[in-house]
Amino acid sequence: MSRAVRILLTQRIALLALLIVVVVVTFFINDAGGYLTAPYDFDYMSASLISAVPLAMLGLAELLVILSGRGGIDLSVGAVVSLAGMVFGFTYGEWGWPLWPAILATAGFGALCGAVNGFLVSYIGFPALIATLATFYAYKSLAIVINDQQPISTKPIQELFSLSKSVELPLFGRYVPDVPLGIFTFLLPTVVAVWLLLARTTYGRRLYAIGTNDVAARWAGLPVKDTRFKAYVYAGLISGLVAVVTVGQFASARPDAGVSGNGMALPAITIAVLGGVAITGGIGRVAGVVLATLLIVWLNAGILLAFVGNEGSQYQLLALGAVLVFAALLNGLTNRRYGGTTS
Amino acid sequence: MTDTDETPRLRLTAVSKRFGAVRAIQHADFAVRAGKVHALVGENGAGKSTMIKIVAGAETADTGEIEFDGVPARIASTTDAIGLGIATVYQEPQLFPELTVAENIFLGRELRSPLLKKVDWAAQNAKVVELLELLGLPERYATAEVGTLSVAEQQQVSIAKALASDAKVLILDEPSAILTDAEIEVLFGVIRRLTAAGVAVIYISHRLDELFRIADEVTVMRDGRTIGTYPIEDLSVRQIAHLMVGEALSDARPHRRVPEGPAVLELRGLGRAGKFRDVDVTVRKGEIVALYGLVGSGVSEIAACVYGIDHSTHGSILIKSSQVNIRSPEHAQRLGIALLPANRKVEGMFGFQSIAFNISAGHLRRMSRFGTFIDRAAERGKALELIKRLAVKTPHERQAISAMSGGNAQKVVLARQLVERPKVLVLAEPTQGVDVGAKEEIHRLITELAEEGTAVLVVTSDLPEALRIADRIQVVRGGTTTDEFGPDASQVDLLAAAAGGRE
Amino acid sequence: MTAVAEAKITKRVLPPPVTGQEFVLVGVIAVVWAALAVSTPAFMTAGSIQPLLVATAPIALVGVGMTIVIITGGIDVSVGGAIMVCSVLTAKALVGSEVGLGVAALLSVLAGGLLGLVNGVLIAYGRVHAIIITFGTANLFMFLGLRIFGSGTVNGIPGTLAFFGRGPDGRTLGVPHAFLITLIITAAAWWYLRHTAGGRHFFAIGGDAQAARLAGVRVQRRTLLAYVVTGLLVGLASCFVIAQGTSTLDQSVGSGKELAVIAAVVIGGTSIMGGRGSVLGTLLGALLVQSVASGVTQLGWRSQLSDLFVGVFIIVAVGADLLRARARRNR
């Protein structure tokens with residue numbers, strides 16, 4: 001028993017998996033009891049995954065920068081989504097570029113925005129919170145000014161909406177629910193790429209090393225600044241890809257896509273922290289971020305069915321806030337009791 | 001032994017303290033008198049710092065008695081010690097750089113004027129100016145931010161802070177280690193003024209020569225015991241060194257045949273402004289050379305320069321007779337130089353990462369496919385090989401290094417330096433904070449590496465270590481290389497040479 | 001204390017009260033104002049300056065609390081959510097029970113204090129980094145705010161709070177009350193931070209919390225206080241926000257304010273690493289941001305362009321500070 005508690009407290013992935021099961025089972029039972037406004041079943045869960053695409057991708061972007069240590073964080077991801085989205089709108093929607101070059105240009109532009117952050121943080125020595133707060137304002141402003149506050153929703157852009165449609169999986173697709181296309185075209189490739197980067201490449205090792213102890217990394221002869229710089233570039237690159245997804249989802253390149261309301265940065269950081277990424281750097285895994293996203297997405301999806309009207313979206317805030325505070329306090333407790341979380 | 005009728009200000013009788021299986025001090029006796037400077041000397045690990053911690057309340061003695069002014073006293077916490085009037089100035093000043101000197105001195109016990117509980121700056125500053133005068137510092141320092149002062153001045157602020165609480169006993173833990181000669185002179189002036197005012201000073205130092213200028217009495221510690229207390233007039237540097245070292249058995253060290261190989265590493269007139277100067281050292285293939293110097297002598301800065309962490313301002317470094325300008329640790333590694341850093345936790349360990357991670361860091365390209373993907377089999381193989389070679393005690397290579405003992409963690413950090421067989425291996429304090437068994441093993445390994453042809457430079461402040469493993473010992477004192485000794489030198493000679501008393 | 005020592009005491013008992021950053025800010029604001037005065041003659045009129053000061057007030061006021069929080073080495077990203085809770089609560093009270101000015105303000109301030117208390121307790125005693133806790137409570141506060149909103153907006157808010165507003169009721173001798181109150185509170189906080197032991201302890205905590213604890217500073221209590229003060233000021237600032245608006249309060253109230261406040265604090269020269277900062281700088285930072293925003297509108301540019309300037313100001317202000325720190329180290 002105490003062993004089980006210990007595993008749940010120290011292995012974030014085990015805890016998240018358990019919470020997902022609890023959430024899903026709870027809503028299944030509520031569904032069976034007829035308390036929900038619509039059926040909470042596998043089809044619904046699968047369809048709701050569309051909102052997991054930007055959330056998980058930006059969560060992974062935050063994973064990379066937070067891992068790099070020294071207070072690494074990126075408040076600008078949402079603003080990069082807005083600005084890169086406008087770049088995509090121009091290249092694909094206005095100038096008639098083919099899809100792939102337009103996507104590449106957008107991702108490259110996102111990487112450039114990230115490079116500005118990385119340069120300020122790693123080479124000049126700005127605290128990440130400050131540098132990315134500044135670029136958040138700058139990118140947000142540019143995104144709005146660049147097309148005089150007008151969204152771009154020309155025909156090619158509108159046709160992109162198919163990206164967020166659900167598709168039947170090949171081979172065994174008949175037996176499982178249809179899955180939103182964005183999962184395959186954007187999320188899975190990003191998850192696999194980031195996982196490979198962190199778990200299998202020398203770059204990943206260097207990133208964990210500088211995040212764990214950047215003084216020791218220097219004494220071990222690792223290129224500390226270059227490694228930290230690239231973490232921000234990759235985060236920008238992912239934000240650029242999210243821009244494409246978002247434009248597709250809205251069928252429009254909106255100048256405030258990533259910053260309206262709460263913006264995209266706060267939920268992304270929340271997902272990363274919930275996924276067990278230590279704000280001090282050096283600890284965090286792709287699986288944690290993915291599971292944290294699933295937990296929040298399926299929890300949110302259930303909440304939408306449990307409440308009428310916009311009450312649902314309000315309770316989603318409660319759920320996100322409560323889960324984050326709970327996870328943070330748990331981390332504090334774990335640090336004292338067991339000397340830390342391992343993933 | 002000293003004998004007086006006077007009641008000592010502070011007396012410790014038969015004090016013992018264990019940490020787990022280690023007996024840090026055993027039946028130690030120690031007494032300081034008001035208005036006197038009492039020096040406490042001993043080699044690293046002799047028990048000085050434990051003794052100080054017990055007096056300062058940072059540790060509690062297991063057994064033994066403490067008397068203050070002849071009255072039995074209990075020091076269970078730092079608060080107890082401060083309450084008795086015992087103040088400690090540690091090597092690293094614990095000050096707030098953004099606050100002024102006056103604020104630092106009064107932090108947590110500010111003088112307040114009755115109106116609105118406002119800090120009474122005038123009263124505080126008046127008191128601080130008085131203290132600064134006593135310390136020989138200009139009064140404008142009262143309102144200077146501590147961050148703008150030099151290290152020496154910050155130390156004096158720490159002393160002022162201690163005095164502001166009307167200290168009766170002042171502990172100075174190696175105050176001279178970070179000071180220049182001129183600053184030491186100022187410090188001594190301060191100490192003399194304090195003793196004249198009746199303060200009892202406990203003075204810890206590695207520099208034996210300076211004791212003759214400041215101390216009244218000396219207590220020597222060795223292996224956790226107090227060997228004795230003597231008036232300074234009765235001693236010489238050699239005699240103190242002798243008492244510290246004891247009847248050292250000539251270490252049963254197998255005498256190695258050192259091949260007259262070519263010089264691999266040469267430092268010629270190497271210097272770094274303000275740190276060290278005119279350092280000449282040659283290490284040949286297969287040779288172990290020790291750079292032996294006390295804390296603050298400049299040895300650790302020399303190592304940092306050889307590895308490209310710092311950059312020299314004078315002289316040159318030669319690798320295999322060709323001059324090199326070492327730009328970074330990465331560059332040093334490419335030149336075949338590996339370095340074991342002195343501060344394991346800060347400079348060496350990737351705390352919550354695995355042994356394999358810690359070993360492969362810095363050698364990732366070698367353990368990769370196409371320079372990009374980690375070759376996990378190669379990494380694991382190398383880790384297991386080195387774990388075996390260094391006899392690291394661990395169930396598996398995935399164990400987190402933060403969970404390991406000091407000795408085992410040190411072996412892992414050392415293993416990292418051996419992944420690519422270095423031409424030059426620099427070891428800074430290789431056995432600091434390491435248990436006896438691991439120390440033995442690390443020494444044996446160093447000898448093996450030399451026999452395989454590595455040129456080894458050991459930078460150490462541990463005298464027996466230098467004598468035990470080195471083929472030649474270069475003494476560093478006052479930021480420069482002074483004497484050279486062979487492996488047959490006596491500990492007393494070496495200590496006297498490093499601590500500055502040659503008679 | 002001897003008479004000689006007494007006589008020798010330096011006239012200055014503290015470092016200079018105003019740091020370089022504040023002088024620079026005053027200079028920059030002067031340049032911006034001068035440029036605007038030349039380019040748009042309407043700028044240097046009461047009709048233009050008064051709304052500018054009114055709009056500066058809520059950001060600068062919350063900035064006082066945020067400055068203290070950041071000095072202790074913390075941060076509070078939940079103030080946007082907290083402003084929403086306090087505003088909607090107060091607006092509903094004004095509409096529903098027609099309470100007076102004093103009661104409304106007190107209600108708002110108390111509500112803000114309570115929210116600050118929640119943050120403070122979690123951060124001081126939960127031993128979790130402030131940014132994570134306040135990200136969490138930001139969501140909780142927004143939930144709370146939206147629940148109080150119910151559906152849609154709060155309509156028909158009476159002019160009870162006009163004392164804090166833009167109109168003629170909100171001014172005495174031409175000075176807007178909201179700005180005056182902000183000025184007084186900033187001055188009081190400046191004095192408190194500079195001249196009392198409690199105030200100095202905030203700086204010590206931000207410098208090194210562990211060393212401060214050893215020196216006898218009650219770290220947890222001080223930390224708690226910093227967040228409660230921020231909450232109380234959020235409460236008062238919410239009254240300003242209601243008073244500045246129309247008779248309708250919509251659900252976007254408070255949104256994004258946390259970043260605006262942090263930007264003002266940072267431009268004002270407070271170090272995000274803790275241990276150093278000034279509420280005076282924060283006031284100037286908020287004034288600069290608002291001046292630029294007002295200038296951008298008056299020049300007929302797109303209003304969102306002012307955010308670009310905010311970004312640039314942050315980079316320049318903090319970059320200059322980094323260079324200064326580097327120069328000091330190399331000295």
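UniProt positions follow the numbering used here, feature names are shortened, and annotations may be inferred rather than shown by experiment. With that reading, the UniProt record (an unreviewed entry) assigns the feature "transmembrane region" to eight stretches of chain C: residues 23-44, 51-71, 102-125, 131-150, 171-193, 224-247, 259-288 and 308-325. The model described here is predicted.

Two of the annotated stretches were examined in the model. Residues 224-247 of chain C are 88% helix and 0% strand. The end C-alpha atoms of this span lie 35 Å apart. Residues 259-288 of chain C are 63% helix, again with 0% strand. Here the end C-alpha atoms are 15 Å apart.

Chain C as a whole contains 13 helices and 2 strands. Its C-alpha trace spans about 70 × 50 × 40 Å along the principal axes. The radius of gyration of chain C is 21 Å; a compact globule of 331 residues would have a value near 20 Å, so the two agree. Of the 331 residues in chain C, 54% are buried. Among contacts in chain C with a separation of 6 or more, 78% join residues 24 or more positions apart.

Chain B has another make-up, with 17 helices and 22 strands. The C-alpha trace of chain B extends over about 75 × 55 × 45 Å along its principal axes. For 503 residues, a compact globule would have a radius of gyration near 23 Å; chain B has 25 Å, which agrees. Buried residues account for 50% of the 503 residues in chain B. Of the contacts in chain B with a separation of 6 or more, 69% link residues 24 or more positions apart.

Strand pairing in chain B was then considered. An open sheet of 4 strands has the order β2-β1-β4-β5, with antiparallel pairing. β2 (22-32) and β5 (71-72) of chain B are the edge strands; each has a single partner strand, so one side of each lacks a neighbour in the sheet. For β5(B), the pairing with strand β4 (residues 63-68) of chain B is antiparallel and runs over 2 bridges. B:Phe68 has B:Val71 in β5(B) as its bridge partner.

Strands β21 (residues 472-477) and β22 (residues 480-485) of chain B run antiparallel and are joined by 4 bridges. B:Gln474 stands opposite B:Glu484 in β22(B). The turn of the hairpin has 2 residues between β21(B) and β22(B). B:Gly478 lies in this turn, with a positive phi of about 60°.

Chain A touches both other chains. The contact between chains A and C takes 39 residues from chain A and 39 residues from chain C. On the chain A side, α7 (128-146), α13 (265-274) and α15 (311-338) each supply at least two residues. α7(A) gives the most, with 13 residues. By class, this side of chain A has 25 nonpolar, 12 polar and 2 charged residues.

The contact of chain B with chain A involves 22 residues of chain B and 19 residues of chain A. The elements of chain B that give two or more residues to its side are α10 (329-334), α11 (344-348) and β18 (373-374). The residues of this side divide into 11 nonpolar, 7 polar and 4 charged.

A:Ala265 is 124 residues from A:Ser141 along the chain, and their C-alpha atoms are separated by 16 Å.

The largest nonpolar core holds 396 residues. The members that touch the most other members are A:Met57, A:Leu133, B:Val426, C:Ala263 and C:Ile314. Setting aside neighbours within four places in sequence, A:Leu133 is in contact with A:Leu75 and, in chain C, with C:Leu259, C:Ile262, C:Ala263 and C:Ile314.

How values were computed. Residues numbered from 1 in each chain as written. Chains lettered and ligands numbered in written order. Predicted model: local features only at pLDDT ≥ 70, side-chain atom pairs only at ≥ 80, totals over all residues. Core = buried A, V, L, I, M, F, W, Y, C linked by C-beta atoms within 7 Å. Buried ≥ 20, exposed ≤ 12 C-beta atoms within 10 Å, placed from the backbone. Contact = placed C-beta atoms within 7 Å. Nonpolar A, V, L, I, M, F, W, Y, C, P; charged D, E, K, R; others polar. Rg over C-alpha atoms; globule rule 2.2 N^0.38 Å. Pairing = 2+ DSSP bridges.
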